[in-house]
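Hi everyone, thanks for making time for this.

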Amino acid sequence: MIKRFSFGSTAALAAASIISVVALPAIAKAGTGTPAGTSIVNQATSTYSDTANNVYTSTSNKVTTTVQSAPSLTIVPGALQTTVPGGQLTDTFTITNTGNGNATVTLAPLAQSGTDGASATVAAYVVTFPTATAGAVPAPCTALSATSVSCPTYAALNTLLANNVEPASAVVTVGVVYNLASNATAGTLAAPNTVVTNMTATATQSVANNAGTTAAATSASAAGNATDDVVSDARIDAQKYGIQPNSTANGITNATANIEYVVATANGGSVADRDLQSVKALLGSSAAGVFFSDKLPSFGGTTAVVQSAAVTTSAANGYGGTAATIYYSTSATGAAGSWTAYSGSGALPSTATFIGVLVSGTPLAEYGTNANATTAGNVTLAKSAVTLTFYVSTPTGSGSADTNTYVNQVDAVNGGGQPNTNPDSAVTNPAQNVVAPGVPTGTADTTTAIDSGAQGILYPTPTTPGASTAINASNAVGDSAALLGSVLNGPFGVPGAVGSYNGVVAASNNNDNTAVAFTPVGFTPTNTSASGAPVGNALGTATTVNVANTIQNVGNATDGITVSVTAPAGFGVQIFASTAAGLPTGAALAGTTTSNTATYTFAGVPSGATTATANQVNYVVAYTVPATATAFNPYDASIVATSTSTTTATNTTHNDLIPGGPLALSKSVTLDPATCTGGVAVPGCIMTYAIAYLNNAAAASACPATAPAASAIPSYLAGYYVKNLIVSENGALAPNTWGATYTNAAGTFKNTTGLNAPATDTIASSTFTTNTVGSYAFTDLVGGSATYVVAPGCSGTVTFKVTVNTQ
Amino acid sequence: MQRFLFAIFFGAFVAILGPVVAYAKPVVVLTLQGALVERDAKGAERLTPLASAVLKPGDLVRYDVVATNSSADPAAHLIPVARVPAGTTYEAGSASFATSARVEFSLDGGKTWSSKPSLAMKTPSGTIEKPAPVAAYTALRWVDEKTLAPNRSVAYSYEVRVK
């Protein structure tokens with residue numbers, strides 16, 4: 001779209017009012033040139049005469065040529081402006097199409113230089129066209145009016161400019177809106193820092209936009225530099241250094257076991273600091289002053305204790321006060337009345353919550369003008385006017401060695417002049433304004449203590465270290481305790497369990513175990529021993545048994561934990577991640593079904609848990625139990641967990657697998673010598689049967705007189721405890737024959753006469769069914785309850801007598 | 001047709017009056033050429049015919065006017081008139097001419113001529129005459145008292161600058 005444009009010269013109009021030109025032919029507008037595409041036609045004529053003075057005329061040929069595009073432009077920056085750190089400015093550049101045709105403007109990427117150029121960030125470009133904006137406003141630009149558009153990006157701006165063809169002499173303005181970082185340096189009033197904004201552009205006249213021309217043309221680059229001064233009201237720039245125990249950082253060596261903090265401060269403003277009465281009211285000091293303070297960090301509810309503190313000053317860096325005194329507070333908010341001057345030696349009370357420095361003088365202590373170009377959070381020790389050094393105790397407990405356990409910063413309050421948008425007045429106007437983080441600009445100093453929440457010395461400390469977030473606030477530093485790894489490894493959900501996996505070793509959290517009794521489908525555990533230790537039968541087929549375990553990081557930092565499983569020879573071992581229910585999930589993390597060892601490291605296990613289980617990791621060990629494993633025998637596998645950070649920190653748990661379960665039955669018979677002639681069962685022989693039941697799992701102690709309730713048994717040991725044990729006896733059920741029948745000439749008879757008397761159990765509370773004289777079958781509920789437990793190592797015997805039939 | 005009728009009438013008139021002197025008509029052919037004038041870094045002039053030049057504002061154009069008497073009769077009082085084309089301004093002092101000629105300029109497209117055109121300007125103290133700026137020139141001419149002999153040519157040139 002070609003846009004109409006008209007212009008006028010104020011100067012020319014003024015002149016015309018005095019001098020009018022008579023018969024002055026039209027003259028093309030200055031600066032625009034003959035429009036591109038204009039044909040310049042020339043033709044000469046001549047008169048002549050003959051000797052008789054007859055006049056003749058001759059006309060030449062026409063010479064025609066076309067004026068081509070000659071694009072050019074000028075960029076004129078706006079006048080010098082002044083801003084402050086944290087301020088926003090708009091530099092307006094006037095771009096004039098000085099070419100001879102319709103042109104589009106293309107801007108080169110904006111460049112900002114000067115002492116504060118790096119602190120400037122362009123927020124928007126505001127373009128104003130001489131006539132209504134052509135075409136759609138490209139995203140993400142927004143129209144401000146019919147002729148004005150704001151674009152947040154340089155690319156969008158150029159898209160917009162490309163859509164708008166401007167005629168010769170048209171004037172477009174581009175306002176560069178930029179923000180200056182709050183921590184930008186300010187310089188002095190005499191030599192302020194600067195932001196120089198360079199705008200460079202070209203103009204292009206296309207054939208399409210300039211009828212009659214034969215080629216597009218682009219002008220040479222034109223450029224304009226807008227310079228802005230940066231000055232600032234008085235302020236206290238502070239940088240904090242945190243040095244870990246027995247280490248060196250930033251050139252500072254801390255040879256103690258405490259954390260060392262160094263706070264370097266200086267006035268980075270363009271004018272001098274002023275003392276505040278509100279600081280005097282806060283501290284209860286005898287003199288007004290400026291103040292910077294450090295809220296002591298805490299961890300796990302315990303505030304760091306200052307072991308010692310000292311302050312130094314440097315006149316060369318602007319210190320002009322008469323005293324720099326350390327104060328501390330025992331109030332959680334540093335409230336007025338809670339501050340005490342430090343004695344100068346020794347530790348602060350453990351109840352101290354703040355430490356700070358009052359800088360005062362007579363009558364007005366000032367740091368004085370400081371041209372060291374410091375900024376909030378950036379005051380090197382070499383530029384520090386007042387330096388506070390103090391040592392604090394390290395944090396303790398879980399998570400205390402994680403990074404940034406202690407995070408804190410320094411906040412300062414000082415007196416400034418008038419609103420710092422006009423720092424010059426700070427020199428001449430006696431008003432004392434409070435300059436502090438979070439305090440609105442221009443807040444007047446009063447005799448009321450400055451302890452408002454979220455302002456000044458209570459400006460919120462970030463949770464992570466980083467650069468300064470406000471004027472008069474330092475950077476935040478993070479420190480922590482020395483690393484000390486520690487781990488627990490135990491049954492699922494109980495990493496700190498204590499036990500004795502075999503009943504022999506002392507109970508400890510290295511000998512705890514998880515007991516798993518299992519009976520594969522189709523396998524009948526059988527004891528081939530008539531008495532004593534059972535001799536179980538082999539499984540015959542390999543089977544897999546999963547056992548869930550839990551590790552826990554009880555060290556003081558996030559750590560890796562390595563688990564190493566060693567199972568009996570012949571076993572296979574695989575490690576899996578665990579579901580919340582203790583089931584394996586995903587592919588095996590380590591191990592195979594044929595190797596009896598496996599190792600896997602769980603990385604990044606947190607410490608300092610915010611919940612009970614946040615520092616725990618469940619895992620499942622899948623054991624491939626070989627076919628040769630026999631019933632009733634516990635197979636013990638050990639799992640060692642090791643801290644990655646502290647390899648001497650280990651903890652062991654055990655997994656004990658018992659094929660067929662721990663309970664073995666053995667049966668024996670005794671013949672009564674008096675009735676069993678010859679020591680054999682003859683008619684009338686009285687036989688005594690004994691059914692012994694034995695929990696073959698290891699016991700840490702003697703069989704308790706009273707078995708614990710099932711509910712009192714930890715789930716990871718339930719596999720060792722037998723409950724609801726029912727002993728069934730049936731004389732007619734093969735291979736038993738004492739209840740079987742036989743037939744002779746006299747008829748059909750039982751092999752025996754049945755129970756001579758009710759059967760008995762050594763567990764007196766046991767209850768029987770059909771346990772009557774003459775009965776050929778009965779059952780015995782051991783202990784008389786389904787919840788009665790036959791503990792590891794415990795046993796009992798059911799006894800009954802029968803007499804061989806005499807029929 | 002008018003010229004033809006006039007010739008017949010004139011011939012009849014001569015025949016009635018008696019013997020007449022025959023006046024031959026000189027024929028002057030006028031040619032115009034233009035060239036872009038540029039100078040290299042050393043100041044040497046380089047001319048590019050307008051037909052092949054890319055003309056832009058500020059460029060200097062030289063026009064050559066050549067008058068050739070292509071007849072057998074002399075042409076007297078030859079006065080070539082050249083224009084300052086629209087879109088250009090006369091380049092001061094650029095008009096070249098034969099030594100016998102003088103150059104005059106016009107501010108009104110050839111209605112009036114002057115070697116030193118001036119403008120009347122009204123001021124609070126009255127009307128004054130001021131030399132006209134060359135930018136106001138619209139035409140120029142060469143006034144020569146010499147006769148251009150048959151089969152002879154004379155060349156003139158001037159320069160304009162594209163506005």
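**A pair of strands to begin with**

Let's start with two residues that face each other: Val727(A) stands opposite Asp780(A), which belongs to strand S51 of chain A. Before going on, please keep in mind that this is a predicted model. The strand that holds Val727(A) is S45(A), residues 726-730, and S45(A) pairs with S51(A), residues 777-781, in the antiparallel sense over five bridges.

**Stepping back to chain A**

With that pair in mind, here is the whole chain. Chain A has four helices and 53 strands. Of its 807 residues, 48% count as buried. If you take the contacts in chain A between residues at least 6 apart in sequence, 73% of them join residues at least 24 apart.

**A sheet with a helix on it**

Next, find the open sheet of six strands in chain A, whose order is S4-S6-S12-S9-S11-S10, with antiparallel pairing. Why is one side of S4(A) and of S10(A) left without a neighbour in the sheet? Strand S4 (73-76) and strand S10 (142-143) of chain A stand at the edges and have a single partner strand each, so there is nothing of the sheet on that side.

Within this sheet, S9(A), residues 120-128, and S12(A), residues 171-180, pair in the antiparallel sense over eight bridges. One bridge to point at joins Val127(A) to Val174(A) in S12(A). Helix H2 of chain A, residues 154-163, packs on the sheet and touches S9 and S11 of chain A. The direction of H2(A) makes about 150° with that of S11(A).

Which residues of H2(A) are buried? They are Leu157(A), Asn158(A), Leu160(A) and Leu161(A). Seen down the helix axis, these buried residues fall within an arc of 160°, so they line one face of H2(A). As for what they pack against, the buried residues of H2(A) meet strand S7 (104-107), S9 and S11 of chain A.

**Another sheet in chain A**

Further along there is an open sheet of five strands, in the order S32-S34-S39-S36-S37 (chain A), again with antiparallel pairing. Its edge strands are S32(A), residues 487-491, and S37(A), residues 584-592, and each pairs on one side only. On average, neighbouring strands of this sheet are turned by 30° against each other, direction ignored. S36(A), residues 572-578, pairs with S37(A) over five bridges, in the antiparallel sense. There, Ile575(A) has Ala590(A) of S37(A) as its bridge partner.

**Where chain B comes in**

Last stop: the two chains together. How many residues of chain B are in contact with chain A? There are 47, and they touch 39 residues of chain A. Strands S1 (28-39), S3 (60-69), S4 (76-83) and S7 (118-123) of chain B each give two or more residues to that side. S4(B) gives the most, with eight residues. By class, the side of chain B that touches chain A has 31 nonpolar, nine polar and seven charged residues.

Strand pairing also crosses between the chains: S2(A), residues 39-49, and S4(B) pair in the antiparallel sense over four bridges. In that pairing, Thr45(A) has Val81(B) as its bridge partner.

Technical notes
Residues are numbered from 1 along each chain as its sequence is written. Chains are lettered from A and ligands numbered from 1 in the order in which they are written. This is a predicted model: local features need pLDDT of at least 70, side-chain atom pairs count only at pLDDT 80 or more; totals for chains, interfaces and linings use all residues. Two strands pair if DSSP finds at least two bridges between them. Axes are lines fitted to C-alpha atoms, for helices over the stretch in contact, and angles run from 0 to 180 degrees between N-to-C directions. Two residues are in contact if their C-beta atoms, placed from the backbone, lie within 7 Å. Ala, Val, Leu, Ile, Met, Phe, Trp, Tyr, Cys and Pro count as nonpolar, Asp, Glu, Lys and Arg as charged, and the others, Gly among them, as polar. A residue is buried if 20 or more other C-beta atoms lie within 10 Å of its own, exposed if 12 or fewer, and partly exposed in between; C-beta atoms are placed from the backbone. The arc is that of the directions from the helix axis to the C-beta atoms.
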